[in-house]
Amino acid sequence: MPQELAEDNISITRKRLIFRSWHRGTREIDLLLGKFAEAHIPQFDAEQLAAYDRFLNNSDPDIFNWITGQEPVPPSEDNAVVARLLAFFKTVS
């Protein structure tokens, strides 16, 4: 039973993060993060989900600048999930 509860929690977290990615407030960021979230979040483990959740707490202008390379990603956000996000946009551009 505890395993099922953990899987339910992860499933809910995945759905919540995908929703948050598509509903940021800035249409450009909605499109960028929404596409990434749908492509990658279903495979993320709990640690990756937590890192992405923390990443979403940043402002849209900051995220846009990092994705477009206008500013470097700060050390506090430099992790494997953000690296995957940046690589995703390099391949779809």
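In helix α4, the residues Asp60, Ile63, Asn65, Trp66 and Ile67 are buried. Buried means under 20% relative accessible area, exposed over 50%, and partly exposed in between (1.4 Å probe, protein chains only). Helices (H or I, at least four residues) and strands (E, at least two) are DSSP runs, numbered from the N terminus.

This is a predicted model, in which local features need pLDDT of at least 70, side-chain atom pairs count only at pLDDT 80 or more, and totals for chains, interfaces and linings use all residues. Residues are numbered from 1 along each chain as its sequence is written, and side-chain values use heavy atoms, with hydrogens and water left out.

**The chain as a whole**

The chain has five helices and zero strands. From the N terminus, the order is α-α-α-α-α. Mean pLDDT, the predictor's confidence in each residue from 0 to 100, is 91 for the chain, and 90% of its residues reach 70 or more. Confidence is lowest in α1, with a mean of 84. It is highest in α3, at 96.

The C-alpha atoms fill a box of roughly 45 × 25 × 25 Å along the principal axes. Of the 93 residues, 34% count as buried.

**The aromatic cluster**

Rings of Phe, Tyr and Trp (its six-membered ring) pair if their centres lie within 6.5 Å; planes under 30 degrees apart count as stacked, over 60 as edge-to-face and the rest as tilted. By this rule there are seven aromatic pairs. In one of them, the ring centres of Phe44 and Tyr52 are 6.5 Å apart and the planes stand at 70 degrees, so the pair is edge-to-face. Phe44 and Tyr52 are both buried.

Another pair joins Phe55 and Trp66: the centres are 6.0 Å apart and the planes are at 45 degrees, so the pair is tilted. This pair links distant parts of the chain, with Phe55 in helix α3 (residues 46-55) and Trp66 in helix α4, eleven residues apart. Ring pairs join Phe36, Phe44, Tyr52, Phe55, Trp66, Phe88 and Phe89 into a cluster.

**Around α4**

Arg24 sits in the loop between α1 (2-22) and α2 (27-40). Its side chain makes a polar contact of 2.7 Å with the side chain of Asp60. A polar contact is a pair of N or O atoms within 3.5 Å; within protein, one must be able to donate a hydrogen and the other to accept it, and residues adjacent in sequence count only if both atoms are side-chain atoms. Leaving out residues up to four places away in sequence, Arg24 touches residues including Leu56, Asp60 and Ile63. Contact here means heavy atoms within 4.5 Å.

After α4 comes Gly69, with a positive phi near 80 degrees. Pro74 lies in the loop between α4 (60-68) and α5 (80-92). Pro75 has its place in the loop between α4 and α5. The C-alpha atoms of Pro74 and Asp62 are 9.9 Å apart. Those of Pro75 and Lys35 are separated by 24 Å.

| Residue | Relative accessible area | Class |
|---|---|---|
| Phe55 | 1% | buried |
| Trp66 | 7% | buried |
| Pro74 | 24% | partly exposed |
| Pro75 | 75% | exposed |
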